[in-house]
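Biologist: I am new to this structure and would like a close look at a single part. Please take the place where the two chains meet, and then follow what leads away from there.

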Amino acid sequence: MKVRIKFAKYGAMKFIGHLDMMRYFQKAVRRARIDIRYSEGFSPHQIMSFAAPLGVGIESYGEYMDIEVLSMTSAEDMRLALDRVMAEGVEILSVNVMPDTVKNAMASVAAAAYRIRRKSEDARTAVAYGGEDAGGGAAEGFQIANLNEKLQAFLAQEHILYTKETKKNVLELDLKPGIYELTAEPDGAVRMLVNASSGGNVKPMTVMEQFFVFAGADIPQTACQVIRLETYADMAKEGEAHRFVPLAEMGKYI
Amino acid sequence: MRRLALSDEVLMRVEKPARYIGNEINSVVKDGERVAVRFVMCFPDVYEIGMSHLGIQILYSMLNEWEDVWCERVYSPWVDLDRIMREQNIPLFALESQEPVKNMDFLGITIQYEMCYTNILQILDLAQIPLMAAERGEDVPIVIGGGPCAYNPEPIADFFDIFYIGEGETQYRALLDCYLANRAQGGTRRDFLKRAAGLPGIYVPQFYEELYHADGTVRGRKKLYEEIPDTITKELVRDVTEVHYPLKPVVPFIKVTQDRVVLEIQRGCIRGCRFCQAGQLYRPVRERDADRLKEYAAAMLENTGHEEISLSSLSSSDYTQLNELLDFLIEDCSRKHVNISLPSLRIDAFSLDVMSKVQDVKKSSLTFAPEAGSQRLRDVINKGLTEEVILKGAALAFEGGWTRVKLYFMLGLPTETEEDIRGIGDLSNKIAAAFFETVPKDKRVNGKVQIVASTSFFIPKPFTPFQWARMCTKEEFLDKAYLTKRGIMEQLNQKSIKYNWHEADASVLEGVFARGDRRVAAVILEAYRRGCLFDSWSEYFHNDIWLQCFADCGLDIGFYTTRERAEDEIFPWDFIDCGVTKEFLLREWKKAQAGTVSPNCRKQCQGCGAGRFGVGRECGGKL
Ligand code: SF4
């Protein structure tokens, strides 16, 4: 049985890298006594895969992993069993049994929504988004006047070019096709929906840097907190441009 | 949510920020306002090493089981964070509460190897605790040292308020109660230390002075107070089955050296190898009951989610319930998809059978530790392993499909000759030959056998029969390594043999610290001030600075290393009673020089002195 698990990662846990999160979940699945399927061979490993890696320092309320299990009682039992063995800063948000025909999470990732806010001056560690500790609105905004108009003007450009330096060469790339939505939040933070597929992944801070230049705002990268809000698959039918669906809900569209 | 001590900006700048955030599974968070004692346990090396240490997990779990105590952890900040903390004046913090270490009641430092001494100073310095114990004020945490290096505490005596000599499980409650009573009565730091000095196993170095002869050797000791003891006897656990064991060890987020459940099956060792300090310090051997270990294994796997379990002891093959325990583990772990790792097993038919069940024969290697190249020298060091046994074991293993062999030797052992050194190449060659003899050409899986011979340099340690021995100079060590290499190159099967050796500079320094006296502290302090840190990491070891510091402090390295001690010399560590007597050690030293072996404890008790604890099954109550 294929099970899709959605989780949040925030607070101190944002400093745990992708590979370490995989190790963390391998151990968590054992602690929660989940009847996970193992591969064959001399050193069997758990059948487990993650949707889209999250950079160190980024928080998320829309992380996904798929596992295969041999048996389970109910999705909610599994959610509770896993949630009970989590470290502070990782929450199991949902568990969904997926139809066998559904594409795995990693191959399905098409887009992701992000919130980018300013870290408060004394931010030791970011507070939970929307949680009881959530910081007061304005303190998290960028204090850029007419933010939304500027974002729209930025997005209205024909191209949003930036140069990317790799080890081998310098590339001139266009961000524009990968940005699907870009809006100001009521508290002055920025929300965006961007391409997150393996072929066309757009890094939210790359967009922000270009925007800050465009808006003439002098805000260093280190002052920004990126929060991934959701990860989407594209379930567009013939003729449709996009139809972004949270990975957890893909089963409904089959 | 907990606030972190370091800002996001700092955490994003350092390598592996997970080293500093705490929050691991099974780490213990209590309300700091509601406990009477705040304790921080420290392993003075980088997180990945410190987190792999069983001793800290034991004490951490035991102290936290007491409601009135909160024990936290701290490790050496790596060099990148070290620099930032100094620049920004950030005080060292405990991982769990993220609060400054300087606000705690106790800082306990486990001292597992001599090369961490400058890291101890780093911990104190970053914690903003005065380096010299004598200069610490009332509000400064009490700094306690423990672990094997505490058996010769003198080179670092100036930096500690207390040394705890022996196994940690027994006296901590009494020590903390003593602290609480002193606080309730409004006593001072000194009042507490005076009380503590009366507890078994507790040594308060600032109450003693070391006296020297004109030639620099120790003349004796003077104590400040009549009522404090002359001799400190090590603490030991009487019943290792009933003593506390950490069933919920902390599970790190990042990969650490020992990323697995560790089952300590016994303490002590029956063997009595003459170079081995642990073999003497932890006498007599005490086994943990196998049924209890089975329960522990199940509970610990469940509480951690680890995918591997390992047995820990000085010599697992001597554990009398090994068959029973392994049968259970093999069955239980294969069901749970858990790997078993089996270090320190003697290679024979039984262990090969077990190993073939738990590991991929093609990928794993066999380990032999002959320690010396010739039978003569193995008799000197009382290493019972014979060439016949090694070759038989190797042949059996080759038949079973193994093709990789690791061999460990020491260079610079007492009485060593060129002949003994050549023996290393000879033995390696014979093992390779055994492969070609046992495995027919068409059955050679990888077509060849791979033998890796490694040598380390012998360092005489306190409380061993070799505590009187002369240690080699760096030049002698390197000559010996060169001779070993040449000896291997001359072998018929030299293509199958790879040779590794260690650098010699750090070994010389370790030799000074191991048998040093109180005067060595000045050198350690000076080297730390000049930037020495992480000396056990070869890339950060600055031998030139160390040599200069010895010269500037007027201390002669040779006095501590290359000088053979007279039989009646008083050693800096003689005031500690580790169980075995100096008479026994001297007897063994003489037998070593005569090349006479001593049977192990199970064959015949040697009357080492540890029998007086009345806990060793082998000891038969003999003195
Ligand atoms: S008293 Fe005898 S049996 Fe006991 S540890 Fe010493 S030598 Fe071994």
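Modeller: Arg33(A) forms a salt bridge with Glu302(B), and their closest N and O atoms are 2.7 Å apart. The model is a predicted one, and the distance is computed from it. The rule finds 6 salt bridges across the interface of chain A and chain B. Chain A gives 33 residues to the contact, and chain B gives 33 residues. Between them the two chains bury about 2900 Å², with 56% of this on carbon and sulfur atoms.

Arg33(A) also has a place in the backbone to be noted: it comes just after helix 1 of chain A and takes a positive phi of about 55°. Helix 1 covers residues 18-31 of chain A, 14 residues in total. From its first C-alpha to its last, helix 1 reaches 20 Å, close to the 20 Å expected at 1.5 Å a residue. Helix 1 of chain A is largely enclosed by the rest of the structure, because 10 of its 14 residues are buried. Among them are the charged residues Asp20(A), Arg23(A), Lys27(A), Arg30(A) and Arg31(A). Met21(A), Tyr24(A), Phe25(A), Ala28(A) and Val29(A) are buried in helix 1 as well.

Helix 5 runs over residues 204-215, has 12 residues and reaches 16 Å between its end C-alpha atoms, close to the 16 Å expected. Its buried residues are Pro204(A), Met205(A), Thr206(A), Val207(A), Met208(A), Phe211(A) and Phe212(A). These residues pack against several elements of chain A, including helix 4 (147-156), strand 6 (109-118) and strand 11 (224-234). Just after helix 5, Gly216(A) takes a positive phi of about 65°.

On the chain B side, Phe463(B) lies in the loop between strand 17 (450-457) and helix 15 (474-489). Phe463(B) counts as buried because its relative accessibility is 5%, and the cut-off for buried is under 20%. Apart from neighbours within four places in sequence, Phe463(B) is in contact with Tyr151(B), Gln280(B), Leu281(B), Trp573(B), Ile576(B), Cys578(B) and Leu585(B).

Terms used:
Residues numbered from 1 in each chain as written. Chains lettered and ligands numbered in written order. Predicted model: local features only at pLDDT ≥ 70, side-chain atom pairs only at ≥ 80, totals over all residues. Heavy atoms only, no water. Helix = DSSP H or I, 4+ residues; strand = E, 2+ residues; numbered from the N terminus. Expected span 1.5 Å × (residues − 1). Buried < 20%, exposed > 50% of the residue type's maximum accessible area, 1.4 Å probe, protein only. Contact = heavy atoms within 4.5 Å. Buried area = accessible area lost by both parts, 1.4 Å probe. Salt bridge = Lys/Arg side-chain N within 4 Å of Asp/Glu carboxyl O.
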